[in-house]
Amino acid sequence: MSPGSDDRRAQAEPSTGGLNRTAMATTPKIRMRGVRKAFGGKQVLDGVDLDVAAGQGMVILGGSGSGKSVTIKCILGLIEPDEGVIEIDGVNVLKLPRREREALGDRIGMLFQNGALFDSLPVWENVCFKLLAQNRITRAKARDRAVEVLAQVGLAATVGDLSPAELSGGMQKRVALARAIAAQPDIIFFDEPTTGLDPIMGAVIDGLIVDCVQRLGATAVSITHDMASARRIGETAAMIYKGRIVWTGPAASLGHSGNAMVDQFANGERDGPIQMELRR
Amino acid sequence: MAAILLDPLAAIGRATLGACRTVGGIALFALEAVSHLVRPPFYGRLFARAFLEVAWFSLPVVALTAVFTGMVLALQSYTGFARFNAQSAIASVVVISLVRELGPVLAALMVAGRIGASFAAEIGTMRVTDQIDALTTLSTNPMKYLVAPRLLAATIALPLLVLVADVLGVMGGWLIGTLKLGFVSAAYLKSTFDYLETDDVVSGLVKAAVFGFVIALMGTWCGYNSRGGAQGVGGATTSAVVASSILILALDYVLTEIFFAQ
Ligand SMILES: Nc1ncnc2c1ncn2[C@@H]1O[C@H](COP(=O)(O)OP(=O)(O)O)[C@@H](O)[C@H]1O
Ligand SMILES: [Mg+2]
C-alpha cells in the first residue's frame, strides 16, 4: 500500500453523512456548475450543479434517457460539455491541457453500463489493462495481480483465462468491477452496476462495490434507478430531471424525502410531478 | 416563390458543406493516427495481429484472383493480338498490365472487401458497446491503440500482397501461354522480363501502399464514427467497403496520371 492511500482513508472517515469535515476536505472532490450539453438540438444537460465530497458515496437517480450517463461521461472527459465548470480537487478539468487531463484520468476508475469488456482479450488482461497500459507492471506479474483482484470480487483464478463472451451477466459485472478497481483509483464511477441482474446478484454486486470502495477509501459516484441498490451503495443521493439536479439529500431518506418528485420516483408511482417523456 | 427557387440551391450548399466537413474530418483523423505512429508507446503486438490479418489471411483470395487474372489476360490478348500477327507481345502485355494496374487494383479491391469490412465491424462494435470509451478511461488512447497499428499494417501488407499477386499472375499467363497457346516456356519468360522495367514494378507497389492506407483508413474511420447499435455497425461496414472501393479506383487514375506524366 502506498502512503497516499492512508491519507485518503483519513479523509474518507469523517465525511460520512457529509458533515463534520475538516477544513482541508471542504473542497469537494468533484464539483459541477452549470454544465450544459446538447446533442443535435436536444438539450440533454441543462445546467447541472453537483458536489461530491471526498470519500463520499453519491448515487445519481433519474429516469432512462435523463442524462445520467452523459453527466458522468462529461466528468470523465469522454464528452465535452458545451458550457459550465467541472472541478476535480478544485481544478477546472475542462481548462486543463490534454496531457494533464489524461494524467488525471489515471486516478479514475469507471464501470460502464454494459460492462464494455474487451472481447478480444482474456479476462485477466481486461482486469490489468490499465496497469499494463501505464507500464506499472510486467505481463508476467499482471497475471498474478489479476488473480488477486478477481478474488476480491469473488471470482476463481480459472476465470482469468476465459474470454468475456464466455461469462454470464453477473460474472461480466464482477470482471468489469475488478477492472475498474485494479489500478486503485481514488474516484470510481459505476453506471447502473446492477441493471439487468436478478435481485440477489444485484445485492451481491452492491456488497462488492461497497467493500471495494471502502478498501480503497475512494470517492464513488453511482448511477442507478434501483432504490434498494441506491440505499445500499449511497450515502447521498441526487435526482436528475430535465437536465438538472432537482434534489440532493441523504440516500436513506429516499421514498420519504418530502420532495414530491423524488418520492414519486423512489416509490414508482405513475401519477405525480414527473411526466414520462415519450417523444425523443 | 423565391423559396421554391432557392431551396435546391440551399440543399446543394448544405450537401457541399457536409461533404467538406466529412473530408476534413477524415483528413484530421488520418493525421492524428499517423502522428501516433511516431510517438510512444507503440503497440507491436497489435501491429503484428493486424499485419497477420491483412497479409497472411488475405493471401489465398489475392492469389486466386491473380492467377485467374493472368490466365484471362493471356487468352484475351491472344484473341486481340493474333489479328495483327503480334502474338510475341503477349507475355509483355500480360506482365505490364498486371504489374502496373491489375495486380494492385484487384488485390486492393479484394482486401477492401475483407479487411475494410472487418476493421469497420470490429471498431464499430467497440464504439457502440462503449469499449472505445473504456480504453480512454483505462489510460489508453484509442487512436493509438486501435487505428494506428491497423493503418501501418495495411500500408505495409498491401505491397507485399501485390508482389505475390504479380508473380502468380505472370505464372497464370505463362501456364496458358505454354499449355494452350503453344509458346516455348523459356521464350515466354524471356519476353516477360525483356520489356519489364523497374518503374513498372515500383509504381505498382506505390499504388498498393496507397490503397492499403486508404482501405484501413476508411475501415477504421467508418467504425470509429458508427452510432446506434447493430444497424449502425452494419451501415459502417457497408460504407467502409463502398467508400474504399471507389477511392481505390479514383486514386488509381490519379496515381497513374502522376506516374504517366513523369
Ligand atoms: N453521443 C451521443 N450522441 C447523441 N445523443 C446522445 C449521445 N449520448 C447520449 N445521447 C442522448 O442523450 C440522452 C441521455 O442519454 P443518457 O445519459 O445515456 O441517459 P441515461 O440517463 O439513461 O444514462 C439520450 O436521449 C441519448 O439519446
Ligand atoms: Mg445510462
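I began with R98(A), which is exposed, with a relative accessible area of 54%. That clears the cut-off, since exposed means over 50%. I note that I am working from a predicted model.

**Entry: the partner of R98(A).** Which residue forms a salt bridge with R98(A)? I found E32(B), with the closest N and O atoms 3.4 Å apart. This pair crosses between chains. E32(B) sits in helix α1 (residues 2-37) of chain B, and R98(A) in helix α3 (residues 98-105) of chain A. I looked up E32(B) too: its relative accessibility is 28%, so E32(B) counts as partly exposed.

**Entry: the interface.** I then turned to the contact between the two chains. I counted 21 residues of chain A in contact with 17 residues of chain B. The two chains bury about 1600 Å² between them, and 54% of that is on carbon and sulfur atoms. Which residues of chain A lose the most area to chain B? They are L78(A), F118(A) and F129(A), together 28% of what that side buries. The rule finds 3 salt bridges across this interface. I also noted that D130(B) meets K73(A) in a salt bridge, at 3.4 Å from N to O.

**Entry: salt bridges in chain A.** My search of the whole structure gave 23 salt bridges over all chains. I picked out a few in chain A.

R33(A) and D51(A) join through their side chains at 3.0 Å, N to O. R33(A) is in strand β1 (residues 30-39) and D51(A) in strand β2 (residues 42-52), 18 residues apart. Both ends are partly exposed: R33(A) at 28% and D51(A) at 35%.

D206(A) and R232(A) form another salt bridge, with the closest N and O atoms 2.9 Å apart. D206(A) belongs to helix α8 (residues 199-216) and R232(A) to helix α9 (residues 227-233), so this pair ties together parts 26 residues apart in sequence. Is D206(A) buried or exposed? I read 0% relative accessibility, so D206(A) counts as buried. R232(A) is partly exposed, at 39%.

I also logged a network of salt bridges that links K29(A), D89(A), R107(A) and D186(A).

**Entry: strand β6(A).** I found both faces covered. I108(A) and M110(A) are buried on one side, G109(A) and L111(A) on the other. In a regular strand the side chains alternate between the two faces of the sheet. β6(A) runs parallel to strand β7 (residues 187-191) of chain A, joined by 4 bridges. M110(A) has F189(A) as its bridge partner in β7(A).

**Entry: helix α3(B).** Last, I checked a helix length in chain B. Helix α3 covers residues 59-81, and at 1.5 Å a residue its 23 residues should span 33 Å. I read 32 Å between its end C-alpha atoms, which agrees. Its buried residues include V62(B), A66(B), T69(B) and L73(B). What do the buried residues of α3(B) pack against? They pack against α4 (90-128) and α6 (142-179) of chain B.

Terms used:
Residues numbered from 1 in each chain as written. Chains lettered and ligands numbered in written order. Predicted model: local features only at pLDDT ≥ 70, side-chain atom pairs only at ≥ 80, totals over all residues. Heavy atoms only, no water. Helix = DSSP H or I, 4+ residues; strand = E, 2+ residues; numbered from the N terminus. Expected span 1.5 Å × (residues − 1). Buried < 20%, exposed > 50% of the residue type's maximum accessible area, 1.4 Å probe, protein only. Contact = heavy atoms within 4.5 Å. Salt bridge = Lys/Arg side-chain N within 4 Å of Asp/Glu carboxyl O. Pairing = 2+ DSSP bridges. Buried area = accessible area lost by both parts, 1.4 Å probe.
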